[in-house]
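Trainee: Could you walk me through reading this structure?
Mentor: Gladly; let us take it feature by feature.
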Amino acid sequence: TDVDGSSAPQGPASAPGSFVSDTQDLQAFAHGACTQVGELAYCRDTCLRTALFHIDQSDTFLWTLHVTRDGDGAEHAFRSVYPHDGDPTALRSYANTRTFSVSLPAGKYRAELRDAGGAEARWPRFVYEAWEGVPECAGHASGPDVTVVEPDPDLDCTELVENGDFEGGGAMWLRRHLGDLAALDGAGVDGSRAVGHFNRTDAHGFGQNLDTRCLHRNEGKYYEINIWFKLEKKPDALACQPYGGDTTCPYVVFTYAIYRDPATKEEVLKGDKWHKGHMMAKAVVPQTPGQYNLLHGVFEVTDRLQAYQQLFFHVFGAHPDSDLLLDDASIRVLDTDVCAGNLLRNGDFQAGNSKFWKPQGGESHEMVATPHGPALRAYGRTHTNNGPRQDVYADCLVEGDRYLVTGRFRLERASDGAVQDCDRNAALHKDLLGCSEFVIIASAPATGQKYYKAG
């Protein structure tokens, strides 16, 4: 950069100029004339600042970033410089995002991704800008000067996972770390196609980038995660225990990119929430070795989550010695019709598993058969408040309405499984076994204070 214009080939100028490569990518938006100087060009009255636009590399080969300046209508289509299109292994790595290098002087701009034909606006699952350092010259563009166009305002955000049934093979799916992904005909649920992750060396698995438009437009909505998985270790299948200190059960975590300050876009923060305190979905019971088992969870599009510029969900935590197979993956908007009826989901356990139910304490759960149908058994309890719990979504509750709470329970002696009688008045007699009861725990978002109501 020629900070004061003193190095201009035609003589000193009164404004900054820039020596750039002799390409249209760097000259298309110059404010002054560009003159060739050897293998370079000198652009008068031009101070450039560069940003890398990162996008999902899946199915974006030959896309262009079309940038238009407001006011004079100057425009240019930038192509990515991406070294991995010919390398299927590297192309499947989450870390290898496709990038566009864009250098801009002062002005207001619109940036739009377009397909290989250059005419149709497209969206590559996510876009974020990483701006290089501020140049010493004045008159350059910065993050707030660029508006990235998110096309399709009527986008259907009911389902967030693409190719979740894997009938398209491994399209859209990326490895978080090392290993190999392979499509497996006939190896999925009910003989469908699945994708397996082989030659794993650590707990990382695979996943895909979510369409951030759906996050930006759906703050406050809830989504339900359902992913069927199977662990294999030749020649034996692996079982996992979702509770206690066992670490072989996989779970779903989010890896994200977010601007530290969305108003300036000056710094991109990246995070991996993969420890067990940030499970977005976890294994439910039953867990049957050698068969597909369910990962399940529910999350809200919070104010922070809707601000993510990239959100990569992936299955994490399976034992490194196992092969990880996935099928029928879905992140779908949670059905709100439940508000008109029973507020509890899977309360009769007819789903055949424990989805929507979590341990309140450190106990473990298992599915059992009873004369009344399938039931959930909580064992390994160490405190009276240990037992199954479920989140009831407060939006369903109407002030002034009355709600009837019913359910069946049975107490069994932990040592031998013998059925135990209980006494509702046990609180007044310490030598009696108390009966189970439903407890409502409500939290005040503003203060974090919790309220307990037993009944």
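Mentor: Contact means heavy atoms within 4.5 Å. In this protein, residues 24 or more positions apart account for 67% of the contacts with a separation of 6 or more. This is a predicted model, in which local features need pLDDT of at least 70 and side-chain atom pairs count only at pLDDT 80 or more, while totals for chains, interfaces and linings use all residues. Residues are numbered from 1 along each chain as its sequence is written, and side-chain values use heavy atoms, with hydrogens and water left out.

Trainee: How many helices and strands does the protein have?
Mentor: Helices (H or I, at least four residues) and strands (E, at least two) are DSSP runs, numbered from the N terminus. Here there are three helices and 30 strands.

Trainee: What share of the residues is buried?
Mentor: Buried means under 20% relative accessible area, exposed over 50%, and partly exposed in between (1.4 Å probe, protein chains only). Of the 455 residues, 43% are buried.

Trainee: Which residues form the nonpolar patch on the surface?
Mentor: Patches take residues with over 30% relative accessible area and no salt bridge, joining like charges within 9 Å and nonpolar side chains (Val, Leu, Ile, Met, Phe, Trp, Tyr) within 5 Å. A salt bridge is a side-chain nitrogen of Lys or Arg within 4 Å of a carboxyl oxygen of Asp or Glu. The nonpolar patch consists of Val392, Leu397, Val398 and Tyr403. Tyr403 sits in the loop between strand 26 (388-389) and strand 27 (411-412), and counts as partly exposed because its relative accessible area is 40%.

Note on methods: Accessible areas come from the Shrake-Rupley method with a 1.4 Å probe; for residues, only the protein chains shown count as cover.
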